[in-house]
Amino acid sequence: MLHVLLGVLVFLLLSEALLRMLPVSSPTDSGYRIDPMVLNYPPRHEWQMSTGWALYNPQRMRANNAGFAAEHDVVPDPQAVALVGDSYVEASMLPLAARPAAQLERSLGGQRRVYAMGGPGSSLLDYAERIRLAHERWGVRDFVVLLERGDVRQALCGSGNVHARCLDRHSLQPRTELQPPPSALKRWLRHSALAQYLVSQLKVDFRRLPAQAFPELLPAPAGGGQAGSKWPPGGPQALAEAVASEFFARIGPHVAGRLVLVVDSDRQRLARGQAPDDPDRDHFIRLARAAGAVVVDAEPLLRQHFGHSSLSLDVGPYDGHLNPLGVELLAQAAARALLGDAP
């Protein structure tokens, strides 16, 4: 028995040493540092990111003075543009020059600074808090918001994509749902390359391991194992209306200039020549236009691309984020809308 334990220990130590030499994603230590409703990184924090078991697309990341993964420091500048979104804005799988902020800045002719304010694992109501912050603290007037197609439904509390603000799944009333600080054990494990590889690269969820290892010992889910509806009461239309109402109420005092919403679509279905099926997204677009926002619906752009090209716009089959070509298409459309051209 002692030999077995010793062998396991040696294996773990060797694995740790090997993984420390490879581009395994390193800890980010996110928290509420510059605003009680905005989750980001420690200012000037540096870390490493890669994707999947094979460590695809390794990138060195650096937070600016405000704790966002961005090229520019954030300083008061009413001529700047804030680019707000989730991991689509941070784009940690892309080189710095290919990320949305850099491409949008080039599409604007390099005449205006673009402040990247991405927050992986967030959604629309969290974007509203970053818009508030950018206006109150740095005087930003113009905003481009990059929405992924699931951002409306991800605004529900408990979706796993909430940093602070969300809607109750049953009442659709706004709530604050802050992420708890990490435990001492979690903080310690973050500095283990082996632990980071299991969690960040292989996506192992230790809370679900018992269910995965011994499913026969756990009770069947209620309802005969049938999954419940992903929609709250009232369906996708009611959800889109509640999210839009809260979003535009929160940003109303803070958008002094132009608001451009760039809304991604179902690229996989469009590439196959099929129509997307996102009723909450489509209804939100109608509501946003009625509220005065300039909306760039990516669906016609993507449909046109796939109509004459077989080139994918995804990072890869292992990662559905936009690749540099996909970012370029949307950045150019956002720049045209920001400059007042028809989207």
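Me: In what order do the strands of the open sheet stand, and in what sense do they pair?

Reply: The open sheet has five strands in the order β6-β5-β7-β10-β11, and their pairing is parallel. Its edge strands are β6 and β11 (294–297), each of which pairs on one side only. Strands are DSSP runs of E of at least two residues, helices are runs of H or I of at least four residues, and both are numbered from the N terminus. The model is a predicted one, in which local features need pLDDT of at least 70 and side-chain atom pairs count only at pLDDT 80 or more, while totals for chains, interfaces and linings use all residues. Residues are numbered from 1 along each chain as its sequence is written, and side-chain values use heavy atoms, with hydrogens and water left out.

Me: What are the bridge counts of β5 with β6 and with β7?

Reply: β5 and β6 pair in the parallel sense over five bridges, and the bridge partner of Leu83 in β6 is Ala116. β5 is joined to β7 by four bridges, again in parallel, with Ala82 opposite Phe143 in β7.

Me: Why is β5 called largely enclosed?

Reply: A residue is buried if its relative accessible area is under 20%, exposed if over 50%, and partly exposed in between (1.4 Å probe, protein chains only). Five of the five residues of β5 are buried, so the strand is largely enclosed by the rest of the structure. In a regular strand the side chains alternate between the two faces of the sheet. In β5, Val81, Leu83 and Gly85 are buried on one side, and Ala82 and Val84 are buried on the other.

Me: What makes β3 and β4 a hairpin, and how do they run?

Reply: Strand β3 (residues 46–51) and strand β4 (residues 56–62) run antiparallel and are joined by five bridges. The hairpin has four residues between its strands, and Gly52 in the turn has a positive phi of about 75°. Met49 stands opposite Gln59 in β4.

Me: How does the reach of α4 stand against the expected value?

Reply: The expected span of a helix is 1.5 Å times one less than its number of residues. α4 has 15 residues and reaches 21 Å from its first C-alpha to its last, close to the 21 Å expected. The helix is also mostly covered, with 12 of its 15 residues buried. Among the buried ones are Leu124, Leu125 and Trp138. After α4 comes Gly139, whose phi is positive, near 70°.

Me: What is the angle of α4 to β7?

Reply: Axes are lines fitted to C-alpha atoms, for helices over the stretch in contact, and angles run from 0 to 180 degrees between N-to-C directions. α4 lies across β5, β6 and β7 and runs at about 160° to β7. Helix α11 (residues 298–308) also packs on the sheet, where it touches β10 and β11, and its direction makes about 25° with that of β11.

Me: What makes a set of residues a nonpolar core, and which residues have the most contacts inside the largest one?

Reply: A nonpolar core is a set of buried Ala, Val, Leu, Ile, Met, Phe, Trp, Tyr and Cys residues joined through side-chain atoms within 4.5 Å. The largest has 44 residues, and those with the most contacts inside it are Trp138, Val243, Phe247, Phe248, Leu261 and Phe284. Elements that give two or more residues to this core include β5 (81–85), α4 (124–138) and α8 (235–251). Contact means heavy atoms within 4.5 Å. Residues up to four places away in sequence aside, Val243 touches Leu124, Leu125, Val152, Ala155, Leu167 and Phe284.

Note on methods. Pairing = 2+ DSSP bridges.
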